Amino acid sequence: MIGNDQEFQTTLERIFVLQNQAVHLRKTEANAVNYRAAVSGFLAEIDRMQLQVREYLSFLPTEKGEEA
């Protein structure tokens with residue numbers, strides 16, 4: 001769970017890194033079965049983190065007891 005703006009920024013950076021790893025795999029892996037096996041973990045982690053980002057952005061800081 002993302003608790004503050006610093007954790008939010010870190011999560012966005014991690015998503016960016018994982019997306020770049022998936023892009024790299026797309027460019028370098030010629031076998032479709034191997035590609036899907038390798039990229040599935042990255043995509044699952046990206047999905048999990050994007051849900052956390054959506055949850056964090058769904059509330060105002062004052063609703064979660066944070067300071068603006």
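User: Where is Leu57 placed, and is Leu57 buried or exposed?
Analyst: This is a predicted model: local features need pLDDT of at least 70, side-chain atom pairs count only at pLDDT 80 or more, and totals for chains, interfaces and linings use all residues. Residues are numbered from 1 along each chain as its sequence is written, and side-chain values use heavy atoms, leaving out hydrogens and water. Leu57 sits in helix H2; helices (H or I, at least four residues) and strands (E, at least two) are DSSP runs, numbered from the N terminus. Buried means under 20% relative accessible area, exposed over 50%, partly exposed in between (1.4 Å probe, protein chains only), so at 54% Leu57 is exposed.

User: What separates the C-alpha atoms of Leu57 and Ile2?
Analyst: Along the chain, Leu57 and Ile2 are 55 residues apart. Their C-alpha atoms are separated by 9.7 Å.

User: Which residues form the aromatic pair?
Analyst: Rings of Phe, Tyr and Trp (its six-membered ring) pair if their centres lie within 6.5 Å; planes under 30 degrees apart count as stacked, over 60 as edge-to-face, the rest as tilted. The structure holds one such pair. With 5.3 Å centre to centre and 25° between the planes, the stacked pair is Phe8 and Tyr56.

User: Which helices does that pair link?
Analyst: The partners are 48 residues apart. Phe8 is buried at 16% relative accessibility, and Tyr56 is buried at 10%. Phe8 lies in H1 (residues 5-28) and Tyr56 in H2 (residues 32-57), so the helices linked are H1 and H2.
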